[in-house]
Amino acid sequence: MSSEQLLAPPAPPALRAAVTGLPAYVPGRRSLGADIAALASNESHYEPLPAATAAVAEAARRMNRYPDMAAVELRERIAGHLGVTVEEVAVGPGSVGVLQQIITGLCDAGDEVVFAWRSFEAYPILVELAGARPVRIPLDDAEGHDLDAMAAAVTDRTKVILLCTPNNPTGVPISHDRLEAFLQSVRPDILVVIDEAYVEYADAGSGPDSLALYRRYPNVCVLRTFSKAYGLAGLRVGYAITTAAIAKGLRRTALPFAVSALAQKAAIASLDAGEEMAARVSLVKQERARMAAELEAQGWRLQPSQGNFLWIRADAPLLALLVDAFDAGGIMVRAYQGNGVRITVADPVSNDRVLRLLAAHAALAIS
């Protein structure tokens with residue numbers, strides 16, 4: 001060993017290459033300004049359901065105790081709500097937390113996960129973190145999943161396929177018939193995850209009957225969340241419906257006590273207040289339809305969205321102009337570089353601000 005090597009300081013701890021190369025997840029921008037319309041995150045703009053708030057206040061009195069790690073009461077309530085067994089339910093910190101459990105549980109280094117792109121931004125991050133390879137399949141001309149191309153991309157290393165319906169950020173759903181035909185072409189040893197974070201906002205019949213498909217195809221996993229329509233984004237609780245064997249594995253890969261007692265109680269109370277939640281969802285759908293109709297009348301081209309948001313496709317020059325206009329107007333939206341802009345549907349006053357701003361820039365729509 002040379003004298004230079006003897007004098008050299010030892011190397012410090014280093015992160016895995018898979019970590020240092022990860023793209024950062026970009027959350028919706030935040031502002032505390034009262035005059036700013038925060039429409040960059042697809043969260044509910046209603047306050048939590050009163051029953052959920054009361055449940056959290058009660059549970060907070062015992063937050064010195066660990067939560068039920070198995071979330072038995074919540075899993076029982078979800079199972080009863082959807083007509084499955086408690087053994088078929090796994091919960092986690094938001095649907096993204098459950099998805100991390102899925103990928104960790106099924107993928108070894110070098111395995112492949114197929115998903116549409118653009119879709120939920122966390123997909124490639126979770127896949128690469130597990131040491132697996134993300135396989136991005138471009139959306140079709142209607143901003144939806146190109147299921148034929150996704151089927152063609154499957155190899156002997158494919159372990160998971162992710163289907164986001166309605167798709168985030170474009171809002172386009174996958175029809176039941178198209179999805180069933182796709183499932184018939186997929187090997188039964190590949191887990192097909194139907195990510196339905198926005199399913200409560202979808203019109204009846206616009207997307208798949210995912211639970212019916214799950215009952216017919218055991219390699220289907222249904223992924224849902226309480227973060228959106230139920231208004232619990234700040235508490236982080238989501239769940240998967242899958243076979244008892246897979247669900248058991250997801251519970252093994254979960255971070256212990258990841259779903260707090262407050263989140264579990266709030267989710268149960270929110271399920272029990274389903275009619276009130278549905279009434280709120282109906283108002284969001286009415287606003288979504290109103291905004292879409294007016295924007296199309298202004299000349300903006302939109303795909304019919306089934307989420308709580310609208311999507312405007314925009315290349316880089318148009319996107320830059322739109323983002324500058326929204327920023328100047330005090331409206332925070334979510335820009336996806338090179339793809340478009342996503343606008344969360346909020347209260348009528350905020351929505352009217354969006355409509356006025358885009359009306360003033362309608363010339364951009366046809367430029």
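The model is predicted, so to speak of local features we need pLDDT of at least 70, side-chain atom pairs count only at pLDDT 80 or more, and totals for chains, interfaces and linings use all residues. Residues are numbered from 1 along each chain as its sequence is written, and side-chain values use heavy atoms, with hydrogens and water left out.

## The seven-stranded sheet

Let's start with the mixed sheet. Here 7 strands line up as β2-β8-β7-β6-β5-β3-β4 in an open sheet with mixed pairing. Its edges are β2 (89–92) and β4 (133–138), each of which pairs on one side only. From one strand to the next, the twist averages 25°. Strands and helices here are DSSP runs numbered from the N terminus (E, at least two residues, for strands; H or I, at least four, for helices). Two strands pair if DSSP finds at least two bridges between them. In general, strands of a sheet pair through backbone hydrogen bonds, either parallel or antiparallel.

How enclosed is β5? Of the 7 residues in strand β5 (residues 158–164), 6 are buried, so the strand is largely enclosed by the rest of the structure. Buried means under 20% relative accessible area, exposed means over 50%, and partly exposed is in between (1.4 Å probe, protein chains only). On one pairing, β5 runs parallel to strand β3 (residues 112–117) over 4 bridges, with V160 as the bridge partner of V113. β5 also pairs in the parallel sense with strand β6 (residues 191–195), over 5 bridges, and there L162 stands opposite V193. To get from β5 to β6 the chain goes through helix α8 (residues 176–185), a β-α-β crossover that is right-handed. Right-handed means that, with the strands pointing away from the viewer, the path from the first strand over the helix to the second runs clockwise.

Moving on to β4, this strand pairs with β3 in the parallel sense over 6 bridges, and R136 in β4 stands opposite F115.

Helix α4 (residues 72–82) lies across β2, β7 (220–225) and β8 (238–241), at about 125° to β2. Helix α10 (residues 244–253) packs on the sheet too, touching β2 and β8, and its direction makes about 25° with that of β2. These angles run from 0 to 180 degrees between N-to-C directions, with axes as lines fitted to C-alpha atoms, for helices over the stretch in contact. Contact means heavy atoms within 4.5 Å.

## The three-stranded sheet

The other sheet is open as well, with 3 strands in the order β9-β12-β11 and antiparallel pairing. β9 and β11 (334–336) are its edge strands, each pairing on one side only, and the twist averages 20° from one strand to the next. β9 and strand β12 (residues 340–344) run antiparallel, joined by 5 bridges; F309 has T344 as its bridge partner in β12.

## Nonpolar cores

A nonpolar core is a set of buried Ala, Val, Leu, Ile, Met, Phe, Trp, Tyr and Cys residues joined through side-chain atoms within 4.5 Å. The largest has 83 residues, and I78, F226, I241 and L358 touch the most other members. Neighbours within four places in sequence aside, L358 is in contact with L295, Q298, W300, I312, L322, F326 and I343. Another core, of 24 residues, lies apart from it and includes V98, L126, V127 and L162.

| Residue | Where | Relative accessibility |
|---|---|---|
| S350 | helix α14 (residues 348–360) | 12% |
| S227 | loop between β7 and β8 | 5% |
| Q306 | loop between α12 (274–298) and β9 (309–313) | 9% |

What does the side chain of S350 pair with? A polar contact of 2.8 Å joins it to the side chain of D347. A polar contact is a pair of N or O atoms within 3.5 Å; within protein, one must be able to donate a hydrogen and the other to accept it, and residues adjacent in sequence count only if both atoms are side-chain atoms. S350 also touches A37 and L39, not counting residues up to four places away in sequence.

For S227, a polar contact of 2.8 Å links its side chain to that of R236. Beyond four places in sequence, S227 is in contact with L232, A233, R236 and V237.

With residues up to four places away left out, Q306 touches P166, G171, P173, Y198, Y201, A202, D203, S206 and R288.
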